[in-house]
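This briefing concerns the chain shown below. Please consult the sequence and the model together while reading.

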Amino acid sequence: MKSTLTVEKSFCADIYWKGKDQILHKVAATMNNETVFKNNDGWLFAGKDNYTKRLGNGMVWDRYLVPLSFWFGCHVFEDGRHLYRIAAFTRHLEQSDERNHRFNGHHVDISKNGFLGVYDVHPDYINGGDYLNKLLFQLDHLGAEALSMGQVVEQVQLTSPYGRQVKVVDDEGYPLLNESGAGEAGSFTLKVLEVGQGLPFSG
């Protein structure tokens, strides 16, 4: 079934996770420069920061979390469904280290074992058709009313393109977003930054 990217229903927001501790944790991405193997980069982290590695003097070493905001591109289907293509949006953030912007425009996708991460996907691949549907998430409890800048939307549930609720899984001690069905249930809070936002980056 065909869908249309609808700019007036698209928006940018910060995402926060609230689990059993009832504390809002801003969703961020992992960055690990301790290894040349980059499969440790870009996993979506949702919890207290126990990932950042600091030296004895408090300086951050080469393993840390990258703050992200996200673009939610609303795709409206012929049957009335509203699904969202989600991509990391960092260029508006004041982050001096260029490495922190490497995820700008990367799309939220799912690994083979269910973990959510940000992936560099070529626009032609997305616009080809079938792959697009594998990038579209459902935002439950978002509501049908128009969003406004500065609005805070609580108790949002994120449902994956495969119909599973996104939760937090403890992966070797790190709280990562996952849609495999396992993990700790909770909810997302969205803090809206911009509304009526088309693709805020090339691609």
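The model is predicted: local features need pLDDT of at least 70 and side-chain atom pairs pLDDT 80 or more, whereas totals for chains, interfaces and linings use all residues. Residues are numbered from 1 along each chain as its sequence is written, and side-chain values use heavy atoms, without hydrogens and water.

Pairing of β2
- Two strands pair if DSSP finds at least two bridges between them.
- Strand β2 pairs with β7 (residues 69-77) in the antiparallel sense over 3 bridges.
- The antiparallel pairing of β2 with β15 (residues 187-195) has 8 bridges, and S187 is the β15 partner of K18.
- K18 also has L24 of β3 as a bridge partner.
- The hairpin of β2 and β3 has 5 residues between the strands, and Q22 takes a positive phi near 60° there.

Burial
- Because 8 of the 8 residues of β2 are buried, this strand is largely enclosed by the rest of the structure; buried means under 20% relative accessible area with a 1.4 Å probe, protein chains only.
- F11, A13, I15 and W17 lie on one side of β2, and C12, D14, Y16 and K18 on the other.

Core
- The largest nonpolar core has 36 residues, and F72 and L177 have the most contacts inside it.
- Strand β2 (residues 11-18) gives the most to this core, with 4 residues.
- Such a core joins buried Ala, Val, Leu, Ile, Met, Phe, Trp, Tyr and Cys residues through side-chain atoms within 4.5 Å.

Key
Buried < 20%, exposed > 50% of the residue type's maximum accessible area, 1.4 Å probe, protein only. Helix = DSSP H or I, 4+ residues; strand = E, 2+ residues; numbered from the N terminus.
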